[in-house]
Amino acid sequence: MKVLVFGGSFDPVHKGHVSLFRRAMKTIAPDVAHIVPAYHSPFKAKSPTPFRLRMKMLKQAFAGFSGNIVFDDYELKQGGKTYTYQLVQYLKKRYKNPEIYLLVGTDCLNDLHNWKNPRYIFENATVVAGKRRGYDENPAAFKHIFLPGFFPKLSSSRVRAHILACGDVPDTIPPQIAPTIRENKLYGLTVHDWLRAHLKTNRYLHSKNVAEMAAALSDIYDVNVESAVKAGIMHDAGKGFSGPELIRFCKEHKIKVPFFEDICRLEPSLLHSYASAWIAKHLFGVHDKDILNAITEHTLGSLHMSTLSKILFVADISSKDRKYKDAFLIRNLALQDLDAALLYAANRKLLFTIDSQKWLCPVGIDLWNHLIKQEK
């Protein structure tokens, strides 16, 4: 008896999953297929998307398939991290002498030998994979077979990043599950609701443009795309407050701000980055320090900026909605040399502040001097 098993977080399920499953069903022609959403993947943080919604979307996405398909809640019943070898054991007990085919995406192949109890998996199941163009196979990986043809380079993390950056569901998602995502405000749609309610339209659009540019730069500089998008879309959350409101907000929430008294007296708008980081943490549930630091530092910078902080600093001043003459130059420079783009961006910020006859915060001056020392 042929048993095809397709496991994963499916957070969310996308057209790549559907395409892979369709080809496997045609190629393997199983007697039964089990689609098994993870309750808590051993390789990832537990998904904030409820299991019932991920299962619901799976049933919607695969509703048009014929054949004996089981939408299996085995991992939910396990109630914790479940390993693939345990899934294979479960199927061997459920069916008499099953011929198990384990369907995986290209990304999994080079890591198969690192899975828990891998030898048991490969002694009791045949790994079936979809192949992407340009895939570099690891010769140390266990034996497997490829499905015919090639598959698109899609991932659930990319889909989540797109939804968070743009505030809508992309066409890489099966259309039948889009209403479920919208109705349940999944993958950051609540963030967009809040931003639209608290920011002016042009500021909200700027935030989306910054998130888009941060995502593009994250690919170049090996930064997690979801982290880059979170920092980008949330970086100006506090921009809707007036100067006096920002001062009250920072005092009320005991937010630590360098040169606070001077900023309150001379340029309270600078407080928006600190307020935005507080909103990201306490209203949007972001606890990643790298993201929160990037949001805090996107206006004035700091002496110890992470790659993500540099990306956000540069994206904020040169996103495609910025129309001043140097924005295009900084955008192009960022695609080639992030540190050079950071230096140029810091230079433009200082000159703009001087030309506007505004107070220069010592934090920004310290950043400039630090960057010049590094350049020398």
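Q: How many disulfides does this predicted model contain by the distance rule?
A: The count for this predicted model is zero disulfides.

Q: Why is Cys250 called buried?
A: Its relative accessible area is 2%. Buried means under 20%, and Cys250 is therefore classed as buried.

Q: Why is Cys166 called partly exposed?
A: Cys166 has a relative accessible area of 35%.

Q: Into which domains is the protein chain divided, and how far apart do their C-alpha centres lie?
A: The division gives domain 1 (2-155) and domain 2 (188-375). Their C-alpha centres lie 40 Å apart.

Q: What is the volume of the second largest pocket, and which residues are closest to its centre?
A: The volume is about 900 Å³. Among the 31 lining residues, Thr299, Ile317, Lys349, Phe352 and Thr353 are the closest to the centre.

Q: Which helix gives the most to the lining of the second largest pocket?
A: H18 does, with eight residues. Helices H16 (307-318), H17 (325-334), H18 (338-355) and H19 (362-375) each supply at least two residues of this lining. By residue class, the lining of the second largest pocket holds 13 nonpolar, six polar and twelve charged residues.

Note on methods
Residues are numbered from 1 along each chain as its sequence is written. This is a predicted model: local features need pLDDT of at least 70, side-chain atom pairs count only at pLDDT 80 or more; totals for chains, interfaces and linings use all residues. Side-chain values use heavy atoms; hydrogens and water are left out. Domain bounds come from an automatic or database domain assignment. A disulfide is a pair of cysteine sulfur atoms within 2.5 Å. Buried means under 20% relative accessible area, exposed over 50%, partly exposed in between (1.4 Å probe, protein chains only). On a 1 Å grid over the protein atoms alone, a cavity is a set of points where a 1.4 Å probe fits but cannot get out, and a pocket is an open set with protein on both sides within 12 Å along at least five of seven lines; lining residues have an atom within 4 Å of a point. Grid points are joined across faces, edges and corners, and a volume is the space filled by probe spheres set on the points. Helices (H or I, at least four residues) and strands (E, at least two) are DSSP runs, numbered from the N terminus. Ala, Val, Leu, Ile, Met, Phe, Trp, Tyr, Cys and Pro count as nonpolar, Asp, Glu, Lys and Arg as charged, and the others, Gly among them, as polar.
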